[in-house]
Amino acid sequence: MQCDYFDAGVCRSCTLMGEPYPAQLAAKQSSVAGTLAPWVAPGAWSAPAPSAESGFRNKAKLVVGGRKGAPTVGILDRAGQGVDLRWCGLYEPGLRAAVLDLADRLPSSGLTPYDVPTRQGELKHVLLTHSPDGELMARFVLRSPGQRRRVVDLVDDLRTGAGGPRLRVASLNLQPEHKAVLEGETEEVLTPDRTLPVQVGGLTLHLGTRSFFQTNTSVAAALYRQVAAWVDEVGPARVWDLYCGVGGFALHASAPGREVVGVERSAEAVRSALRSREDPALRGRADGTTFVAGDATDHARSAPTSERPDLLVVNPPRRGVGAELADWVESSGVPHVVYSSCAATSLARDLARMPSYAVRHARVFDMFPQTGHHEVALLLDRRA
């Protein structure tokens, strides 16, 4: 992949830019396999799941810089000034159209970009998510509610305009603090629809404004398919999906007669998962699937021994499941674990605390071409 922004030195986020994609993928596989070598035998690895090397991102996290009437959308340079990246080659085609449409409409919106060096202005970020059906979620992050009316007007303009994908969900988020945080705690949905339907792996997942979803839809579908195949290979009667988010793993693992419980701290994500469970494609498959809001570790520790699963799915944040939950898994007697991780180093720490498990299958999923980031999934069996 070639990138004018990278070549000009204005953006170096894609640290592997210019390297042939097959070499990137091979190096990523080698790095992850090397980190996990004490626990994963060479024969356990399947070939890595590749991605398109460009045009794969379904999300744009746009920092708004510049000045009123002449905003930039992209990133900030080291001096805190806006760098416009509206033509970034990582965006999938519909998302690129959405970014360009937004960039065209922002100058006349009257919104004042937030200036980091002076701590003046209002509009900090615009966070876009694009669905395979050509629909859009847009979240506008302001410092204060003073320009709310301008955001509402811009949302109306985007919803009725013809320049980009259909804007289905929009929200206003308030982030009053001067720090490197994308969003604040206060969020107001501005549209009748509150969730963005996303077709992935044959199912429709509903994303709320704060819902986590993988950046690469096609590779996310490959990950869900692989994990579902591993679950079916084991054939458990009861499954827990901890850190379940909007229910992607839980719903893909659902089957007639199977009990699946998804646990997620975010109540919004649980509401989205419950709505996704009503997908007609799941009729007869997800009758035994439920979702609860709660802490993953607390749920595991408080459940009676008789209710423990035959297979546990964990998809934790970058920090991993941590010592407390890893120690519980080690002592739990759960026969099988599927572990999906975005950081092989934290995965390795967790595996070191679970010596009773052996890795049956392992696979790298390239969610993030042009960077060293990775996703890796393992199927673990308790040793006899």
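Let's start at Arg166, which is partly exposed at 45% relative accessibility (buried means under 20% relative accessible area, exposed over 50%, and partly exposed in between, with a 1.4 Å probe and protein chains only). Before going on, a word on what you are looking at: this is a predicted model, where local features need pLDDT of at least 70, side-chain atom pairs count only at pLDDT 80 or more, and totals for chains, interfaces and linings use all residues. Residues are numbered from 1 along each chain as its sequence is written, and side-chain values use heavy atoms, with hydrogens and water left out.

Back to Arg166. Its side chain meets that of Asp193 in a salt bridge, at 3.9 Å from N to O (a salt bridge is a side-chain nitrogen of Lys or Arg within 4 Å of a carboxyl oxygen of Asp or Glu). Arg166 sits in strand β6 (residues 166-174) and Asp193 in the loop between β7 (186-189) and β8 (196-200), so the pair ties together parts that are 27 residues apart in sequence. Helices here are DSSP runs of H or I with at least four residues, strands are runs of E with at least two, and both are numbered from the N terminus.

Next, take a pair in two strands. Asp381 and Arg360 bring their side chains together in a salt bridge of 2.8 Å, N to O. This one links distant parts of the chain, with Asp381 in strand β16 and Arg360 in strand β15, 21 residues apart. Asp381 counts as buried at 16% relative accessibility, while Arg360 is partly exposed with a relative accessible area of 29%. Salt bridges that share partners also join up: Glu135, Arg166, Arg168 and Asp193 form one network that way.

Over the whole structure, a search turns up 24 salt bridges.

Now step back to the overall fold. The protein has 10 helices and 16 strands. Its radius of gyration is 22 Å, close to the 21 Å that the globule rule gives for 384 residues, so the protein is as compact as a globular protein of that length. That radius is taken over C-alpha atoms, and the globule rule is 2.2 Å times the number of residues to the power 0.38. Along the principal axes, the C-alpha trace spans about 65 × 45 × 35 Å.

Of the 384 residues, 56% count as buried. Among contacts between residues at least 6 apart in sequence, 68% join residues at least 24 apart (a contact means heavy atoms within 4.5 Å). The accessible surface comes to about 16100 Å², and 51% of it belongs to carbon and sulfur atoms; these areas come from the Shrake-Rupley method with a 1.4 Å probe. As for charge, the mean positions of the 43 positive and 42 negative charges are 2 Å apart. Lys and Arg count as positive and Asp and Glu as negative, with His and the chain ends not counted; each charge is placed at NZ of Lys, CZ of Arg, CG of Asp or CD of Glu.

Helix α10 (residues 344-352) gives a view of the packing. Its buried residues are Ala344, Ser346, Leu347, Ala348, Asp350 and Leu351. They pack against α2 (21-35), α9 (322-332), β14 (336-341) and β16.

A few loop residues deserve a look too. Gln370, in the loop between β15 (357-365) and β16 (375-382), has a positive phi of about 75° although it is not a glycine. At 0% relative accessibility, Gln370 counts as buried. Tyr243 also has a positive phi, near 60°, and lies in the loop between β10 (238-242) and α6 (248-253). Tyr243 is buried too, at 18% relative accessibility.

Finally, find Ala281 in the loop between α7 (267-276) and β12 (289-293). Ala281 is partly exposed, with a relative accessible area of 41%. Leaving aside residues up to four places away in sequence, Ala281 touches Gly202 and Leu203. From Ala281 to Pro107 is 43 Å, C-alpha to C-alpha, and the two are 174 residues apart in sequence.
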